[in-house]
Amino acid sequence: MDLSFGDFSARLRVVTEIRDPDGQHTVSRVVLRQFAMGRNKSLTVYDRTKGRVFRTGPGAVFKCSKFIAHDAQEAENRWGLVETRLPKAYLAVESRQALEDPATLDILRDVLALHWARSPATRALHEKVGDEVLRESRLSYARQPEVLRQLFRARTGGLHPGGIEALQWVNEDLHRIPPDTMNRFFAERNAVHYQQAREYFARFQIQIGYASQGEFLIGDAPVVTLKHGHNGRGPHQGVPLLEADEVVMPISPDVVIGLARQAEVITLTPEQVTRVNEYQWQSFIRYIGCRPGGDGDRWLREVVSTSSPG
């Protein structure tokens with residue numbers, strides 16, 4: 001089947017303005033616009049928190065409040081270095097010449113790395129690990145009452161703890177991390193995660209899949225990691241990047257990219273398209289969307305009406 005991207009190139013607009021850190025997009029708007037259509041350039045979106053399907057513009061959804069709350073502009077500048085290069089990559093993908101251009105393949109790897117690091121799934125894992133570290137530390141200190149007594153005296157100007165409640169208080173106070181500190185730590189780790197993903201993805205080739213029939217959906221955790229024998233769909237479901245056997249992401253209603261040992265262009269069957277959509281449905285955090293009025297729209301509305309995402 002000869003796929004037509006229609007006004008594909010006309011939708012290759014890159015947003016370079018400073019975004020509001022209170023509502024940062026976790027999926028680049030230049031990517032979301034590939035799924036938008038109509039005069040108003042709208043998406044069909046399912047919002048888990050609202051429990052409904054609706055149409056809206058890409059600017060209104062796929063946001064995470066204060067995703068990067070510390071020095072947000074630095075993160076925006078880092079992401080923008082990828083986003084401003086995306087139009088060229090999309091044109092090469094449209095013409096099916098991407099594998100012939102090493103620079104385009106590098107951009108596609110960076111797209112994967114960007115959306116891996118900029119994902120609410122990765123943030124959820126970060127917060128889960130942080131909570132576990134604090135919990136283990138609190139338990140460790142609870143087993144050292146003399147240390148807690150010394151800390152209590154140090155924090156109260158020499159007062160002696162009156163009982164177990166005083167030791168519990170100083171233990172909790174010791175592990176009460178200021179929000180600004182947590183935000184700075186996540187911002188720093190996010191930059192590290194992005195660079196680590198770039199370096200890891202550089203070891204692999206890019207595989208590009210074109211849908212022969214049907215359309216892809218995209219969730220707000222679009223880079224899905226899968227592991228043979230594991231039911232998880234992403235880091236927040238127990239599949240960290242370095243353990244993944246498959247890494248895939250839709251970049252338009254017709255195209256999905258992934259990592260492979262050899263560069264390859266493949267034509268995906270309707271069954272394979274459905275499988276990719278199931279991955280997106282199983283892994284998204286809050287938002288999942290698609291091009292309005294098409295096969296993906298019908299699939300999304302049907303699955304919403306018959307099941308609840310896990």
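Predicted model: local features only at pLDDT ≥ 70, side-chain atom pairs only at ≥ 80, totals over all residues.

Q: Which strands sit at the edges of the open sheet of 5 strands?
A: Pairing in this sheet is mixed, and the strand order reads E7-E8-E9-E5-E10. From one strand to the next, the twist averages 25°. The strands that pair on one side only are the edge strands, E7 (224–226) and E10 (264–268).

Q: Which residue in E10 stands opposite glutamine 207?
A: Strand E5 covers residues 205–211 and runs parallel to E10, with 5 bridges joining the two. Across from glutamine 207, on the E10 side, you'll find glutamate 264.

Q: In the hairpin of E2 and E3, which residue takes a positive phi?
A: Strand E2 (residues 43–47) pairs with strand E3 (residues 52–56) over 5 bridges, in the antiparallel sense. Aspartate 47 has arginine 52 as its bridge partner in E3. The hairpin has 4 residues between the strands, and the one with a positive phi, near 65°, is glycine 51.

Q: Is H3 roughly parallel or roughly perpendicular to H4?
A: The axes of helix H3 (residues 86–94) and helix H4 (residues 102–117) come within 9 Å and cross at roughly 115°. Angles of 65 to 115 degrees count as roughly perpendicular. So H3 lies, relative to H4, roughly perpendicular.

Q: How many charged residues are in the contact of H3 with H4?
A: H3 passes H4 in a left-handed crossing. H3 brings Leu86, Ala89, Ala92 and Val93, while H4 brings Thr104, Ile107, Leu108 and Val111. Sorted by class, the contact has 7 nonpolar residues, 1 polar, and, as for charged ones, no residues.

Q: How many charged residues does the contact of H4 with H8 have?
A: Helix H8 (residues 179–201) packs on H4 at an angle of about 145°, with the axes 8 Å apart, and the crossing is right-handed. On the H4 side the contact includes Arg109, Asp110 and Trp116, and these H4 residues are joined by H8 residues, among them His193, Arg198 and Phe201. By class, there are 8 nonpolar and 2 polar residues, and the charged ones number 3.

Note on methods. Residues numbered from 1 in each chain as written. Heavy atoms only, no water. Pairing = 2+ DSSP bridges. Axes fitted to C-alpha atoms, helices over the stretch in contact; angles between N-to-C directions. Parallel < 35°, antiparallel > 145°, perpendicular 65-115°, else oblique. Left-handed = near helix turned anticlockwise from the far one by under 90°. Contact = heavy atoms within 4.5 Å. Nonpolar A, V, L, I, M, F, W, Y, C, P; charged D, E, K, R; others polar.
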